[in-house]
Structure formats: structure tokens, C-alpha cells
Amino acid sequence: MHGFEEPDTGKEHVALTLGDIDSDEPLLARTHSECLTGDALYSMRCDCGYQLEEALRSIAREGRGILMYLRQEGRGIGLLNKIRAYRLQDQGADTVEANERLGFGADLRDYSMCKDMLEHLGIRSLKLMTNNPRKVKALESYGIQISERVPLHVGRNPHNEHYLNTKQSSSATGSRLIRMTTRPD
């Protein structure tokens, strides 16, 4: 376990590594944004906990890898605002609409800290476990080499069907803009 702190925000992040990470071979990886409700409380409203568990299992099967656990709850809006967004979702809004009604962008997550984490650990290339091609583009915008996107389709259930369909249509069609904060180098 490797700990990191963002100097500008004081946010603390961790990277969990397994096996030989010094190889030039692309490393199986996941950037996982904190989700208290899914990761720790086993909410069925999202697929976050399922993805976290599957990513850890996949890394264990591979015998080497990295999981970057990023403190950016609720697509970057924070836990209390996420709870407010849940209330709006209960009234019929989808995830994007709820965030926007609260005055936030659809997705405020920032992956810039991944560059520093990976550089510190000497990791040059990733096989990234994600369903979101925009996450790949965000990481590549920081100069992180993604050799492969590895889909992570787990956790679909009747309670998160609408949420997952919204995520899928946002990523696939671009009909809903998912804004990921990027900083120029």
C-alpha cells in the first residue's frame, strides 16, 4: 500500500500493488474512485463495489497489478452531495441530471494524480480495467500509456439498471457529456 497526498487539496489517495511492478510489460490496473455506498455498504444502486472486488480478483489472478483508489466520491461531488443526488434520482432523475440539478458537472473526477502515482512507482504502461473509454482518454492526456482497455462488466441488477444504462449511453454515444477535469502539463 502506497499513500499519496495532493498538495493543493489535501486529498489522500492510495495505490495497492501486487507482484513485480518494475517490469516493462504493461501492468493490469484500475483507477477506482471512492464510493462509500458501493464499496463499503454494498449498495445495489451502482456497480462500484462489484467493480472494485473484480479488479482486485483480476490483479490477484494476474499475479501483478495496481489499483489506484482515488478519493473523489460521487463523481467528484463529495459524499453529502451524492446523498442529495440520490434523493433526486429517487424522484426520477438519472445520475447526470441529478448532478447537474445540484449545480455540478456530470462528472468532476480528476485523474491527474495518477500520473504522479505511476511515475513515483516507476510504472510506464497499463492494461486499464474500465468500461469508460473517456477514462482512457483522460489518463492518456496526462501522458499515461494505456496498452489495452479491459472491460469490467459485473454487478448489473434490477436496482442499478437505469444507472448503468445512463453510464453506458454517456460513454458510448456521447449524448451526455461526461466532463473529466484535465490539467495541461
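1. Cys-48 is buried, at 13% relative accessibility, where buried stands for under 20% relative accessible area, exposed for over 50%, and partly exposed for the range in between (1.4 Å probe, protein chains only). Cys-35 is likewise buried, at 3% relative accessibility. The sulfur of Cys-35 has its closest cysteine sulfur in Cys-48, 3.7 Å away, which is too far for a bond. Cys-48 is in no disulfide, and the nearest cysteine sulfur to its own, that of Cys-46, lies 3.6 Å away. A disulfide is a covalent bond between the sulfur atoms of two cysteines; the criterion applied here is a pair of cysteine sulfur atoms within 2.5 Å. By this rule the count is 0 disulfides.

2. On the basis of the note: this is a predicted model, in which local features need pLDDT of at least 70 and side-chain atom pairs count only at pLDDT 80 or more, while totals for chains, interfaces and linings use all residues. Residues are numbered from 1 along each chain as its sequence is written, and side-chain values use heavy atoms, with hydrogens and water left out.

3. Lys-82 belongs to helix H4 (residues 79–90); helices (H or I, at least four residues) and strands (E, at least two) are DSSP runs numbered from the N terminus. Is Lys-82 buried or exposed? Lys-82 has a relative accessible area of 8% and is therefore buried. Beyond its neighbours within four places in sequence, Lys-82 is in contact (heavy atoms within 4.5 Å) with Cys-35, Leu-36, Thr-37, Glu-73, Gly-74 and Ile-77.

4. A nonpolar surface patch is formed by Leu-36, Leu-41, Leu-79, Leu-80 and Ile-83, with about 440 Å² of accessible area together. Patches are made of residues with over 30% relative accessible area and no salt bridge, like charges being joined within 9 Å and nonpolar side chains (Val, Leu, Ile, Met, Phe, Trp, Tyr) within 5 Å. The areas come from the Shrake-Rupley method with a 1.4 Å probe, and for residues only the protein chains shown count as cover. H4 gives the most to this patch, with 3 residues. Leu-41 sits in the loop between helix H1 (36–40) and helix H2 (48–62) and counts as exposed, at 56% relative accessibility.

5. Two residues deserve a check of their backbone angles. Most residues other than glycine have a negative phi, and most peptide bonds are trans. Tyr-42, which is not a glycine, has a positive phi of about 60°; Tyr-42 lies in the loop between H1 and H2 and is exposed, at 59% relative accessibility. Arg-75, also not a glycine, has a positive phi of about 55°. Arg-75 is found in helix H3 (residues 73–76) and is buried, with a relative accessible area of 12%.

6. Helix H6 (residues 112–121) has Ser-112, Met-113, Cys-114, Met-117, Leu-118 and Leu-121 buried. What do the buried residues of H6 pack against? They pack against strands E1 (2–5), E2 (12–18), E3 (27–33), E4 (65–70) and E5 (125–129), and against H7. Just after H6, Gly-122 takes a positive phi of about 75°.

7. The structure holds 9 salt bridges, a salt bridge being a side-chain nitrogen of Lys or Arg within 4 Å of a carboxyl oxygen of Asp or Glu. In one of these, Arg-71 pairs with Glu-34, the closest N and O atoms being 3.0 Å apart. This pair links distant parts of the chain, 37 residues apart: Arg-71 is in the loop between E4 and H3, and Glu-34 in the loop between E3 and H1. Arg-71 is partly exposed, at 37%, whereas Glu-34 is buried, at 17%.

8. Glu-62 forms a salt bridge with Lys-127, with the closest N and O atoms 2.8 Å apart. Here helix H2, which holds Glu-62, is linked to strand E5, which holds Lys-127, across 65 residues. Glu-62 is partly exposed, at 39% relative accessibility, and Lys-127 is buried, with a relative accessible area of 17%. Salt bridges that share partners join Glu-53, Glu-54, Arg-57 and Arg-61 into one network. Within it, the side chains of Glu-54 and Arg-61 meet at 2.8 Å, N to O; Glu-54 is buried, at 16%, and Arg-61 is exposed, at 59%.
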